Each structure stands twice: as C-alpha cells, then as structure tokens.
Amino acid sequence: MKYVILGLFCILLIHCKSSGPVDTTTSVKIVLDTEEPLPESEIIYLTGNQTILGNWNPTALAMTRRSETRWEKTFDIDSAHLEFKFTLGGYDKEAISNRGVIPTNSIIHAIRDTEVYFVIEDWKNPENEK
C-alpha cells in the first residue's frame with residue numbers, strides 16, 4: 001500500500017511541475033458604442049491609470065473601429081484597479097453626457113478576464129461650446 005501512495009504522490013508531483021507557471025495576466029475588453037457615427041478621420045482613444053493606457057496620456061491607446069458606431073479594444077492590465085476615460089485625442093474632446101457633463105472616470109476592478117460595454121452620448125468640443 002505504501003508503494004501505491006508513493007507512486008500516486010510521484011505522479012502528482014511530476015504533473016504539477018510539468019504544468020508550468022500559472023498565467024496571472026488579466027485581460028480587459030472594452031466595447032464602445034457611439035450614438036452617432038464619427039467621421040472616418042476620427043479615432044477614439046482610451047487613457048487611464050495603467051501603463052498601457054499611457055498614465056493619462058489622452059492618445060495612448062487607440063480603439064479599433066468595428067462599424068460606424070462600434071469600437072473595441074482588448075488589452076492586459078498591470079493591476080486589478082483600472083480607471084479610464086474616452087477621448088478623441090485630447091481632453092478638449094473627451095466623452096460627455098447628452099447634458100454636456102464630463103463623467104467621472106470609469107472604474108473597473110478586474111480580478112479575472114473582463115468584458116465591459118459603454119455608450120458615448122456626445123463629445124466635448126470647444127468649437128460647439130456657447
């Protein structure tokens with residue numbers, strides 16, 4: 001009986017060593033819909049508190065256009081606490097509500113791979129301000 005237990009222990013030990021290190025990266029997918037299509041020349045960017053988001057550089061991470069009103073981006077994060085905003089390349093053109101209010105930072109606590117959806121109602125644009 002001792003040999004059976006020892007054999008099972010050896011098989012378990014070999015299996016654990018051969019499985020390699022555990023992958024600890026966390027992936028976030030952000031899907032964004034705009035209420036109105038943007039001109040082909042416009043690009044939506046993500047900026048935020050992570051290295052990949054440029055540590056608040058408003059042109060750090062360009063999203064990918066999937067249709068006239070759908071954009072998305074998948075990326076790995078440094079830590080579970082993620083804060084971000086959407087811009088059209090600068091804080092003078094960041095996302096706003098239909099009332100013209102700049103929303104607070106979007107916050108996600110991602111402890112595993114996460115997919116989130118957003119809708120942008122409008123964009124801050126100094127040329128349109130009264």
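The following legends describe close-up views of a predicted model.

**View 1. The protein chain as a whole.** The protein chain holds 1 helix and 10 strands. Along the sequence, the elements follow the pattern α-β-β-β-β-β-β-β-β-β-β. Of the 130 residues in the protein chain, 29% are buried.

**View 2. An open sheet of 4 strands.** The strands of this sheet are arranged in the order S4-S5-S1-S9, with mixed pairing. Strand S4 (64-65) and strand S9 (114-120) are the edge strands, and each of them pairs on one side only. In the order of the open sheet, S1 stands between S5 and S9.

**View 3. The pairing of S1 with S9.** S1 and S9 run in the parallel sense and are joined over 7 bridges. Within this part of the model, Ile 30 lies opposite Val 116 in S9.

**View 4. The loop between S1 and S2.** This loop links strand S1 (26-34) to strand S2 (45-48), and Glu 35 is placed in it. Glu 35 counts as partly exposed because its relative accessibility is 48%. Pro 37 is found in the loop between S1 and S2 as well. With a relative accessible area of 41%, Pro 37 is also partly exposed. Pro 37 and Arg 70 are separated by 33 residues in sequence, while their C-alpha atoms are 8.6 Å apart in space.

**View 5. A patch of negative charge on the surface.** Four residues gather here: Glu 35, Glu 36, Glu 121 and Asp 122. One of them, Glu 35, comes from the loop between S1 and S2. Its relative accessibility of 48% places Glu 35 in the partly exposed class.

View 6. Most residues other than glycine have a negative phi. Asn 55 is not a glycine, yet its phi is positive, at about 50°. This residue sits in the loop between S2 and strand S3 (61-62). Trp 56 has a positive phi too, of about 80°, and is likewise not a glycine. Trp 56 is found in the loop between S2 and S3. Trp 56 counts as partly exposed because its relative accessibility is 29%, and buried means under 20%.

How values were computed. Residues are numbered from 1 along each chain as its sequence is written. This is a predicted model: local features need pLDDT of at least 70, side-chain atom pairs count only at pLDDT 80 or more; totals for chains, interfaces and linings use all residues. Side-chain values use heavy atoms; hydrogens and water are left out. Patches are made of residues with over 30% relative accessible area and no salt bridge: like charges are joined within 9 Å, nonpolar side chains (Val, Leu, Ile, Met, Phe, Trp, Tyr) within 5 Å. Accessible areas come from the Shrake-Rupley method with a 1.4 Å probe; for residues, only the protein chains shown count as cover. A salt bridge is a side-chain nitrogen of Lys or Arg within 4 Å of a carboxyl oxygen of Asp or Glu. Lys and Arg count as positive and Asp and Glu as negative; His and the chain ends are not counted. The place of a charge is taken as NZ of Lys, CZ of Arg, CG of Asp or CD of Glu. Helices (H or I, at least four residues) and strands (E, at least two) are DSSP runs, numbered from the N terminus. Buried means under 20% relative accessible area, exposed over 50%, partly exposed in between (1.4 Å probe, protein chains only). Two strands pair if DSSP finds at least two bridges between them.
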